[in-house]
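Trainee: Could we go through this structure together, one pairing at a time?

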Amino acid sequence: MRELRIAAAGAPGSDVGERLQPNPYLGRWEQALRAAEKRTDWRFKPEGPSLLAIPSSIASAAVRFVDARDGTAHPSRFVAGLFGVTQEAATGALAPEFGWAIAHDDG
């Protein structure tokens with residue numbers, strides 16, 4: 001898989017325009033991941049569940065909002081749960097980030 005980016009080249013008015021080229025920073029991540037997955041010389045034995053064993057922490061419910069002014073129905077969805085984690089710069093401790101949203105439900 002090749003990652004592409006658009007690079008603008010040349011000064012305004014020049015005949016050199018935009019072009020697609022490989023992104024040298026994004027193109028190597030997959031190789032590094034595969035190499036890390038093949039390692040067997042870890043200095044510690046990981047304990048506990050893997051990330052894939054932890055269930056999703058996002059919950060959602062479909063809601064139909066009906067505008068009382070004109071009776072139009074708007075399909076929506078309430079979404080809430082754990083959206084990510086932050087890390088304390090001083091201690092390195094991880095902290096959960098919870099939130100909620102009301103989103104339009106397209107189907």
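Trainee: Which residue in β5 stands opposite Q87?

Mentor: Happy to start there, with a reminder that this is a predicted model, where local features need pLDDT of at least 70, side-chain atom pairs count only at pLDDT 80 or more, and totals for chains, interfaces and linings use all residues. Residues are numbered from 1 along each chain as its sequence is written, and side-chain values use heavy atoms, leaving out hydrogens and water. Strands here are DSSP runs of E with at least two residues, numbered from the N terminus. Opposite Q87 you will find L94.

Trainee: How many bridges join β4 to β5?

Mentor: Strand β4 covers residues 73-87 and runs antiparallel to β5. Two strands pair if DSSP finds at least two bridges between them. These strands also form a hairpin with 6 residues between them, and G92 in the turn has a positive phi of about 80 degrees. The number of bridges joining β4 to β5 is 11.

Trainee: Is A80 buried, partly exposed or exposed?

Mentor: A80 is found in strand β4. Not counting residues up to four places away in sequence, A80 touches S57, I58, A59, G99 and W100, where contact means heavy atoms within 4.5 Å. Buried means under 20% relative accessible area and exposed over 50%, with partly exposed in between (1.4 Å probe, protein chains only). A80 has 34% relative accessibility, so A80 counts as partly exposed.

Methods: Helices (H or I, at least four residues) and strands (E, at least two) are DSSP runs, numbered from the N terminus.
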